[in-house]
Amino acid sequence: MKKNISKIFFDKKDHELLDIVNDVLNLDKPLRHLRKLLTPHLYSKGIKEMAASSGLRMAFAAIHLLGSLRTGEAKERLEALRSLRDEALAKAHSTLRKNTARVLLQIMKELIRNDGDDIRRLQLARDFRTAAFGKPKVIKNELRKYHLVEMPEEWNQITFDDHVHDVNTKGRKSATHLIMDAWIKGIRKITVVHYNYVRTEAITELLEAASIMDIEVRIGLEFCALFQNKYIKFVWVPKGFADKQDFINFFSNIAFTEFMKEGANVSAYQQKYVLNVLDEFNKVYRLHINKHYGISMLQLDKDAFLDFVGIGQISIFHLAKFIYNTLMPLMRERVKDLKPEYEAANEEEKKNISLLVNEMNCIDSESIISNWLAPGKNPGIHNPWIPCDSPDLPSLLKPPAHELLSILNSFCSASSATLSLTNLSAEDVLEILYDCNGMITNLEIFNLKDYAEGNLSPDLSAINELQIAINHGNTIKLKRIVHNIIEQFEKSVSGKSGKQIVERRANLAEILFDIESLQAFYKSHALKSRIGSDSTGRSRHLHGMGLVIKDTLSVNARKEFYDTQMRSRESIPVTATSYKRVTFIPRSSFSSVVNFCYKILRHFPGGSFLGSTKISDWVLKDYSLHIGRPGNIATLGGIQEECNNGLMLETPSEKNEQTLPLKYLNSRFKYALKILLGFIPAFLTFALTKDWWLLAYGGAFIWFGITYSRNILQSVLGGGGFRRSPLLRWNSYLSWERIADSLFFTGLSVPLLDYLVKYLFLDRLLNINTTTSPVMLYTIIAIVNGVYITSHNIFRGLPKNAALGNFFRTVISIPIAVGFNYAIGGLLVAFGAEAVNTILQKWAAIISKAASDCVAGLIEGLADRGNNMRMRFLDYNHKIKQLFETFSKLDVLCPEVNLIKTLESPKKFMLLLSTQNEEMIKPLCIHALDFLYFWMYQPRAGSMLKHLMRTMSKEEKQIFVLSQSILLRQQEISQLFLDGIVGKNFSKALAFYLNRSQEYLEVLNKMAAKSEAS
């Protein structure tokens, strides 16, 4: 398939990226050395760039993260997650840095999963490379394509999910994979629920993954408790720990570990039901399926099913998916066999075959459960979620909720308990809240899974009113609501009798006469709300994880929820009250003069905006429920309404390669085409309107030359000069895509500015030219040019502030254009030229263009400089933080040693490390090598390092500079390369280190001396 693609589509680099992904997917032994590149000390834009490309590293990390669910590989998954996040953020250079990184991670996931369709994968490879540039229009289109919501770059949105599952229960994703997907969706707070017990390994992986992605995670345990001859569910979340290690230690506590064993017994008891259903399926339903669909499904093997479940807790969802995976290959073969029959059949037979195939095409996990696995389909098997007096009943299923919560709170008093309202009535909730003496701290007022399946409490509105009345402390209102609940209960049991009904009447009456106690339970701590998706990542008919308060998004992002393409999202009937909070933090600088100016500014009205840094966040107050009316909370995950297994009797015709969108054209061909399409109108305008041969045939080349020179000026200013290091030259960061776009649009501006505006409108119609009014001439041309530039900037999807900035640059260019006009006129007069004004009139558009591009090159170059400085700040800040953390650990290990003095002799320092802790040698060498790479290869690294060194204390500066002298130990560092510090392809990196380290150290020492002197 790949060889049939026309050469005018896709680039060599697209094929290379696809080959990289294929190589990593094959996991050949030669590629296993890439695991070395996942170590946390190696920075994404440091020395390892010389050992493997960013695309290769991202592909390897993504596959390593997504491919394994074995518990022993949690450490490798976490390393892959850290590397993947760093690589994605490092490739994102635009103002939409986090959104770009989200898109890159999503495309890489799609690239790995789309196996077998090379054209589709090549499209994804091009999308990945295009998105890496971070153009706002491209990123927003990609976000929309993958149904991702654009999040604020401040990352202050309120996005959450109070109920999700990972692979340790019935979910599809490992803890690391779940956290990565949550970050891609933009979720900032998440509660992962486990049934009855949780393993310490699962907690460790989840907390570490959340720490890497900066997501607030809570770990909840769901228990069943006895209430009114049925089981109710609540999620218990232990809280109040100093750090994640303290949390892990709590779960390792001997007493709580024993309790967890009891929880494991409950899970084992409930999982027996699934295995019994498996046996029943083999005996009954398997035979029915074989007969109905004409297939030969063998008995499902119990051991194979357990291997399929892996580390999770066996559930009906696992069994349904296992059956589905077994059925699909058999049904594909069956459809293949039916095709000849279908072609030879009469109309009635064709109709029956089509119905059968459509039925097979619509089978999914949900239909398998409802048709064959649900409790109603297997009445002979005891349902463990219905209470019984069996001697096998685990002890943890016997106590009521208040007793079970008392046991749990004895382990951790600073905890919360969220009551699930699934199929609970208002009187149930009232009685549970009263019996539990305030130990129920939250109500799950909305569950997306229950909502989709129709299992929400029928009294949800009444329960919400009860919650509000309890929290507001209004005794009269609470008494009225309790009266209404009792009346509703009396209506529901009218004509019925029995001991249970009598007892419930007595309990409800007791609550009515003891309302003050009910209020007292929640006087100091309100009864809060929780909203969750109950997502497992397995269902196509349920919303995936994640909810967002729409008010916390940008205006444009909110509009997408009303887009018809976003109809898979849903606004749930809950409204959140939230407030925006703005904090002003005084700006500071290494210069005392600048700090004084900031201080003065803050005393003037509105000066806080200039003298302070503004940080915005949102404060969530409460939720209000209103069934039947959508609120301001929406789902982040969509649903797939159609079920399609790809089973069909007629093979669809293959897409013609010519239907590929033009955006996938070969880049060189596309750039050449753009330049040509811009050059033709420019050349024709000059050739048909000018009588002087130089302008007629050379005007277009001069016009394009000015634009090209502007891009060079921009690159030089942005990158740091014509030759800021021996290895990074001025043209290293020239973007041919940007140059092609510039030349295309500048070519279209020639007929607009030179012919329509200058000649027809100004000269012929208004008699404005270089003779009558040169200032007015250049002013109008500049304004029209500014409107044109702003328009095509917005069309190309550039940020609006950049587009508006390009308009005002043309205003600045007016006096420059007038100055050029008089300067050129003076030169022409000096050289004895005749009809100077006529000559200047012919060159007016070019003069205006030259002035505008001079200003543009300066402004955009400074903008590029600012962006490069911003990226270098992030790079250096990350590595310097790592360096100081390493030295802090070393300082603790060697309290009696003066490390700064020891650092003055690299030999003594290496000797100290080898005797105290050899493991410290590797990270310190990596830090120094990364700093060396920054200096030699990253634009504006020198400028940013000078700035940072001025902000360091004397001790920090000494540690930083002296730590780099470890590069003098060539033998030890060379051995680290040979041992695979950056993998197997180390030759280029090693040669770079040996050739450039001495030069770097000399420059660094001179810089430190100047910084010290100043």
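Accessible areas come from the Shrake-Rupley method with a 1.4 Å probe. By this method, the chain of this predicted model exposes about 47600 Å². Carbon and sulfur atoms supply 56% of that area. The chain has 1014 residues, of which 51% count as buried. Its secondary structure comprises 38 helices and 12 strands. Among contacts between residues at least 6 apart in sequence, 79% join residues that are at least 24 apart.

Two packed helices are described by the angle between their axes and the distance between the axes. Helix H4, residues 97–113, packs with helix H6, residues 136–145, at an angle of about 50 degrees, and the axes of the two helices are 10 Å apart. H4 and H6 are therefore oblique to each other. The crossing of H4 and H6 is left-handed. On the H4 side, the contact is made by Asn 99, Thr 100, Arg 102, Val 103 and Ile 107; on the H6 side, it is made by Ile 139, Glu 142 and Leu 143. By class, the residues of this contact divide into 4 nonpolar, 2 polar and 2 charged.

Phe 807 lies in helix H29, which spans residues 800–830. The relative accessible area of Phe 807 is 23%. Because buried means under 20% and exposed means over 50%, Phe 807 counts as partly exposed. Leaving aside residues up to four places away in sequence, Phe 807 touches Ile 783, Gly 786, Val 787 and Thr 790. Phe 807 and Ser 791 are 16 residues apart in sequence, and the C-alpha atoms of Phe 807 and Ser 791 are 9.3 Å apart in space.

Terms used: Residues numbered from 1 in each chain as written. Predicted model: local features only at pLDDT ≥ 70, side-chain atom pairs only at ≥ 80, totals over all residues. Heavy atoms only, no water. Axes fitted to C-alpha atoms, helices over the stretch in contact; angles between N-to-C directions. Helix = DSSP H or I, 4+ residues; strand = E, 2+ residues; numbered from the N terminus. Parallel < 35°, antiparallel > 145°, perpendicular 65-115°, else oblique. Left-handed = near helix turned anticlockwise from the far one by under 90°. Contact = heavy atoms within 4.5 Å. Nonpolar A, V, L, I, M, F, W, Y, C, P; charged D, E, K, R; others polar. Buried < 20%, exposed > 50% of the residue type's maximum accessible area, 1.4 Å probe, protein only.
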